[in-house]
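Below are my notes, as numbered points you can follow with the model open beside you.

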Amino acid sequence: MTHSDLLFAPKGEAKSVSGRNIPPITIMRKQITSWNVTFADRAKYGAVEGTWHDKGDSEKKKIKVGEDEPVFILRHTFDTPELLIAAADAKLKQLERGTGSLSITTPGDPRLAAEGKLNLMGVRAGVDGQWNITRVEHSLDNSGYISRISAEIPQT
């Protein structure tokens with residue numbers, strides 16, 4: 001019989017299962033086989049608003065998380081204010097993080113893992129610097145060992 005544990009941690013903290021920091025991996029331009037970057041051209045959202053259904057007085061009530069403009073509106077109606085606040089807070093953090101996305105392919109590197117940090121050097125201005133790794137796919141076939149990395153700009 002095997003035993004396994006689940007680890008719950010906030011996204012983008014670069015922590016291993018043991019709770020230690022995952023060291024950042026530096027990748028130079030010459031190590032990259034292919035890459036693509038996309039930057040959102042929309043303004044960052046400063047708040048998220050949603051509704052919850054108050055069964056006591058059979059009314060929908062609004063809650064806003066964050067103070068700035070523009071406001072992102074959640075479409076789903078939640079059962080409790082606590083569920084709405086948790087969802088709005090998570091969505092606001094996602095919107096703050098998601099202003100740029102990157103995908104690169106490199107020769108395989110087993111040190112690359114989701115939730116780790118990636119330092120790019122020599123690619124181009126605006127792309128060089130630190131990224132949060134969101135997904136890594138390692139593959140080994142007749143062409144060799146490669147790593148496909150998806151990353152996003154860290155939350156400020």
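1. A word on terms before we start: two residues are in contact when heavy atoms of each lie within 4.5 Å. With that in hand, look at Arg29, which sits in the loop between β1 and β2. Leaving aside neighbours within four places in sequence, Arg29 is in contact with Trp35, Met121, Gly122 and Val123. The C-alpha atoms of Arg29 and Leu120 are separated by 7.4 Å, although the two residues are 91 apart along the chain. Arg29 has a relative accessible area of 34% and is therefore partly exposed; buried means under 20%, exposed over 50%, and partly exposed in between, with a 1.4 Å probe and protein chains only.

2. Some ground rules. This is a predicted model, in which local features need pLDDT of at least 70 and side-chain atom pairs count only at pLDDT 80 or more, while totals for chains, interfaces and linings use all residues. Residues are numbered from 1 along each chain as its sequence is written, and side-chain values use heavy atoms, with hydrogens and water left out. Strands (E, at least two residues) are DSSP runs, numbered from the N terminus.

3. Now the open sheet. Six strands make it up, in the order β1-β7-β8-β9-β6-β2, with mixed pairing; two strands pair if DSSP finds at least two bridges between them. β1 and β2 (34-39) stand at the edges with a single partner strand each, so one side of each has no neighbour in the sheet. On average, neighbouring strands here are turned by 30 degrees against each other, direction ignored; the axes are lines fitted to C-alpha atoms, and angles in general run from 0 to 180 degrees between N-to-C directions.

4. Inside that sheet, β8 and β9 run antiparallel and are joined by nine bridges. Glu137 has Arg148 in β9 as its bridge partner. Glu137 also forms a salt bridge with Arg135, their closest N and O atoms being 3.7 Å apart; the term requires a side-chain nitrogen of Lys or Arg within 4 Å of a carboxyl oxygen of Asp or Glu. Both residues are partly exposed, Arg135 at 49% and Glu137 at 31%.

5. Which residues does Thr105 touch? Thr105 is found in strand β6, and its contacts, not counting residues up to four places away in sequence, are Gln31, Ile32, Thr33, Ser34, Ile146, Ser147 and Arg148. At 16% relative accessibility, Thr105 counts as buried.

6. On to the nonpolar cores, meaning sets of buried Ala, Val, Leu, Ile, Met, Phe, Trp, Tyr and Cys residues joined through side-chain atoms within 4.5 Å. The largest has 15 residues, and those with the most contacts inside it are Ile27, Leu102, Ile104, Leu118, Leu120 and Trp131. At least two residues of this core come from each of β1 (25-28), β6 (100-107), β7 (117-121), β8 (129-141) and β9 (144-152). Another core, of 10 residues, lies apart from it and includes Trp52, Val65, Phe78 and Leu95.

7. Strand β3 (residues 47-54) deserves a look too, as seven of its eight residues are buried. Eight bridges join β3 to the antiparallel strand β4 (residues 59-66), and Trp52 has Lys61 in β4 as its bridge partner. The two strands form a hairpin with four residues between them, and Ser58 in the turn has a positive phi of about 50 degrees. β3 also pairs with β5 (residues 71-78), in the parallel sense and over five bridges; there Thr51 stands opposite Thr77.

8. Finally, charges. How many salt bridges does a search of the whole structure find? The search finds six. One of them joins Lys62 to Glu49, with the closest N and O atoms 3.9 Å apart. Lys62 lies in β4 and Glu49 in β3, so this pair ties together parts 13 residues apart in sequence. Lys62 is exposed at 62%, whereas Glu49 is buried at 19%.

9. Lys61 and Asp54 meet in a salt bridge as well, at 2.9 Å from N to O. Lys61 is partly exposed, at 29%, while Asp54 is buried, at 15%. Salt bridges that share partners join Asp54, Asp57 and Lys61 into one network.
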